[in-house]
Structures are given as C-alpha cells and as structure tokens.
Amino acid sequence: MLSTIAMVLSLIVGLSLIYLLIRTIQGHPVERRIVFIYIGLAVVLPLLMNKTLPLPITKDVQKLYDQLEKLQPGSKVLCAFDYDPPSAPELQPMAVAFLKYAFKKDLKIIIMGLWPQGPQQAQQAIEEAMLDPIIAGKNLVQGEDWVNLGFQSGNEFVIQSMGTEFKRMFPKDNRHIAYGEIPLLQDVVNFSNVDFVINFSAGKPGTTEWVQFGVDRFGFEMVAGNTAVQAPMMYPYLRTGQLKGLLGGMSGAAEFEKILDEKGKASTFLLAQTFAHATVIIFIIIGNLAFFSSRKKKMAGTP
Amino acid sequence: MKRQLPLILVFVFGTLMVIQYFVPHENSEIVKGFLLDWIVIIGIFALALGLWSLVQVSVAKINSRKENWEYPLVTLISLTVMIFFGFTSHAENASWWGYFLAITVFLVALWMFLQGFMGQAANRNMKLLGGLGLLIVFSLLAIFDNSWEFKFYTAEGLTNQMFVHFFDYIMIPLQATMFALLAFFITSASYRAFRARNLLATLLLISALIVMLRFTPGPWGEYLAKTSAWVMNVPNLAAQRAIVIGIGLGIVATALKVILGIERGYMGKG
C-alpha cells in the first residue's frame, strides 16, 4: 500500500516538473526552496517503494568478485577501513556485504584503519553481518575468525611499516590483547602472510596510498571499494592491474550485493540516488532552457 | 648553524630514504623501520599540538564573547566529555549519578584551570585555587565512587556505553546530516550555474547526464550504460593518467628541491 502511494506521488511529482518547466520558459524561475522540496521528495519517496533497479554487473565488479572467489576457506584477508560516518551510506553496505560473504566462506578477517573512525565502522559492519542466521550459527570467535587491530596514525607510513612487521604498527588489538596472543595472527608477520587485501576508502589516506606504498612495493593483491567521487581516480590503477577490482559508489555497492546475492541497503538506496540524479538532471535542463530563452529574448531586444 | 643543521638533516635522511628503497637488505629494513617510527611519533605530537591550538583558540573566543562564542564552548565540552568517556568504564547496573557528577566537577575544574592560565589577570590565583579544589573533589569521587573507574591502560573505555552511544547516536547522525545537506545545495547550484555556455561546458554537461542516467531501465539504459563505461574508461582514464603522472613528476621535483636545499619553505621562510 505504502509502496503504491509512493509510486503515485512520484508520478505526480514528475508531472509537476513539466509545469515548472513551462513556468520557467515563461520567465518565472524556480525558487531555491522549491528545488529543495523536490530533491527531498526524490530521495524519500523511492525509499518507501521497496523496489530495486534491474542492475547490470559491470566488468570491474565482476573482476573483484572473481578474485574473491579464488580465495580458499581459511585464507587470511586484510581489510582496511579508511572512512568515517559521512561516507558510510556508500561504503558501509559494501563492507557489510563483503563481511557476510567472507564469514560464510570461512575467510579469516584482519581489520585495521588509517582513519580514526574506520575500525568503529568495521565493528558496526561486523555486528550487522553477525545478524545473518547462517553466520550466527557458525559461532565465530573474535581473535580466531576475525580480529580488529584498530586505528594507527601515520597514513602511508603505517603501510610501509606493515611491510616489515604488522606488530610494529599494531602491538595490540582493539580489546588490548597483545598481538602475539591472538591465535589468528600467530603466523602473520607482514603482507607476505596475508592472501588478499581489500580497502574501503573515502579519501586520503586510502586506496591511492595502498596502491602506491603497498601493492607496488610489497606486491600483494588488492581490490577496493571507493566513494563515487573517488572511484574515477582509480581507473589508471585498475587498467594496469595494480587494483584487481573496484566497487564505485552506491552503484558499485548495489552491484556487489547483487553478485553476492546479499540484498542490503545499497540496492534500496540506489533507487533513491537514481531518482535524485534524475531530478538534478531535470533541474539542469530547466535552468538551461531558462538561460537560453532569456538570452534569445535579450538578443531580440538589442537593436 | 641554526639554518644549516635542518638542511643537513633533510639532505642526509632524504638521500638515505631514497637509497633505502632500492636496497632489499635486512639492515636497510631496520633503518627504514626506525625512521618510520619517528614519523608516527612526530604525527602524534602534531595531534597534541592541534588539540592545544584548538583549546587556545576556543578559550580566546569564549573569553572575548566573539560572535557565535557558544560553539567553541560546545566544542570544548564535547572534546573533554568524549576523552573522559574513552578513558573510563562504568560498572554494569550501577547508578549513573556519580559518573555524571564526576564529569561535571571535572569540566568545571578544567574550565577554572584554563581561565587561571589563559583568562584575564584579575582573580587568576582564585581561579587556579578553585580549580585545584574541584580537582581534589574529583579525585575523591574517583577513589570512593565504585560505579565507575579509570581505564588508562586498557581499551575498555572504547566499549564504554556512553562513548559508543555518543558515537552511534550523535556523531554518526550529525556527520551524515552535514553530508546529506550537500544533495540540496548541489541540486540548487547545478540548477543556477550549470549552463551549456560553450563547447567544454556542453561536453561536461552531456557526460554528467550520461553517467547519471546509466541505470535507466530498458534499451535506452543499456545504451547509456555502455556509453557511460566508455566515458569512464577512455576520456576519464586518459585525463586521470595525465594527472597522476603530472603529480608524480611534481612530487619528484619538489622532493629533489627540498633534499638539495633549494626549497626551504618547511623552515618557515620561502
């Protein structure tokens, strides 16, 4: 019922944009507050529709998935959480979907962060993943199946130091248990002892630093999940093979959920984002039409 | 010597790190590890300096009652309270009153100390004495109130209920709200300023439309998705490569200038 009402309302809102278009051409520009109302509705209404978009899987997401599929149960994956709450709507669904996949596949997860709030985002993602009945049934143990090493300051220098010894940068985990006493880390000295690296990044330090100071120097295999703003900057690293796969923004997160068959928040959020994008585009078109019609009038008025 | 010593240090350590990168020997790794530890330590000092600078600026604003002086006050209180929660733990099922009383006493004591050190000269000693008195009261509360305790050397504070709740229910929603507001301002700004005035602006506009509309259902969507992938993989990739190579060369040039002492901006003078 709510979904139908939301769809009808969206249709009405869409049609009212045509009225705004006509008004603008007539010389009555839209007020800023009206633009705000429309974008607000464009974000909220799709969230009530309970629908998802028919999403094609892009090559970069497919490559990332293929890399993950190659990992054997028991493989150790270093997971770097380099983001904070403002970027969580895009990156948290990726992290949750990955952790669900990893725990179901019995991968061993080593969490760390170059951003102070990263490890706390990881903790939230783990709590969400643990709500899955299959994962809950596995009775996973912190320290044996996954470990959260917390945050370390020093940006790219932390990555460089980890190339020699993880323990140097993370002498204790987030529960304050010494590195040497954590069963999962018994034979993990540096990058050569982890099978794979995945990085969720919203800026600097993030994927660029991991590629330049980690992949290039220590030669481990890595994939990344980035915000939509940052993702286009990663294409050079993708094409050279320094990055084995990339999830870009909300669409990347939704594709990842689809390919893993783990429907989550990104699939719902993507519809809202697409509606918001469509609204932005319509307003840009309205603005341009108003601009050209006023320019035409001015030119006609000049002697 | 005052000017020459930093130049010598930069030259020696800069050259050492460049050479070290190409020497995969155990001793080389030890040197690298030692120097990287220094960077982390210096970074932590920068954090402490940043905190002190924040406190100084905030107290000065509050004391001079500049416009919006209430905001620095909220900043200082939030900073202190979060640090306090991070370093303490609260006993399960115990009353919260003692804990909150201790925080209040601590905040007032801290404020009196700050006023004593950084405030106006009048009554400076009185404020310092008042702060000291309250600190003693706070210490007594810490000793005799069993509902909470300090956890300086363990990470229990990070799982403190108040610390987690402040992060989950205040910090996350506030930061998310600030970021969400961007959607409104970007739409409004695009509507008012994104105009196809010339060829480049038109190209940018068309590319943006293609990338944003790539999820449109139906055959149009498929075509747009393919075009969007081309935009990202060809023109975008070419431009990004040029930028990355340009930045790389710029970094090498600047690093060489710093190592050779041509660029001396880090010493406070250009």
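What follows is a set of questions and answers on a predicted two-chain model.

User: How are residues and chains labelled, and what limits apply to this model?
Analyst: Residues are numbered from 1 along each chain as its sequence is written, and chains are lettered from A and ligands numbered from 1 in the order in which they are written. The model is predicted, so local features need pLDDT of at least 70 and side-chain atom pairs count only at pLDDT 80 or more, while totals for chains, interfaces and linings use all residues.

User: Why is helix 2 of chain B called oblique to helix 3 of chain B?
Analyst: Helix 2 (residues 26–63) of chain B and helix 3 (residues 70–86) of chain B pack at about 140 degrees, with axes 8 Å apart. Axes are lines fitted to C-alpha atoms, for helices over the stretch in contact, and angles run from 0 to 180 degrees between N-to-C directions. Angles under 35 degrees are roughly parallel, over 145 roughly antiparallel, 65 to 115 roughly perpendicular, and the rest oblique. The angle therefore makes helix 2 of chain B oblique to helix 3 of chain B.

User: What is the handedness of the crossing of helix 2 of chain B with helix 3 of chain B?
Analyst: The crossing is left-handed. That term applies if the near helix is turned anticlockwise from the far one by less than a right angle; clockwise gives right-handed.

User: Which residues meet where helix 2 of chain B touches helix 3 of chain B?
Analyst: B:V55, B:S58, B:K61 and B:I62 in helix 2 of chain B meet B:P72, B:L73, B:T75 and B:L76 in helix 3 of chain B. Contact requires C-beta atoms, placed from the backbone, within 7 Å. The residues of this contact divide into 5 nonpolar, 2 polar and 1 charged. Ala, Val, Leu, Ile, Met, Phe, Trp, Tyr, Cys and Pro count as nonpolar, Asp, Glu, Lys and Arg as charged, and the others, Gly among them, as polar.

User: What makes B:P72 count as partly exposed?
Analyst: B:P72 has 19 C-beta neighbours inside 10 Å. Buried needs 20 or more other C-beta atoms within 10 Å, exposed means 12 or fewer, and partly exposed lies in between. The count for B:P72 therefore makes it partly exposed. Leaving aside neighbours within four places in sequence, B:P72 contacts B:S58, B:K61 and B:I62. The C-alpha atoms of B:P72 and B:I62 are separated by 6.8 Å, at 10 residues apart along the chain.

User: How is chain A divided into domains, and how many residues join them?
Analyst: Domain 1 covers 2–52 + 267–301, and domain 2 covers 59–262. These bounds come from an automatic or database domain assignment. The C-alpha centres of the two domains of chain A lie 38 Å apart. In contact are 4 residues of domain 1 of chain A and 6 residues of domain 2 of chain A.

User: What does each chain give to the contact between chain A and chain B?
Analyst: Chain A gives 43 residues and chain B gives 44. Helix 12 of chain A supplies the largest share of the chain A side, 12 residues. By class, the side of chain A that touches chain B has 23 nonpolar, 15 polar and 5 charged residues.

User: How many helices and strands does chain A have?
Analyst: Chain A has 12 helices and 6 strands. Helices (H or I, at least four residues) and strands (E, at least two) are DSSP runs, numbered from the N terminus.

Note on methods: Two residues are in contact if their C-beta atoms, placed from the backbone, lie within 7 Å.
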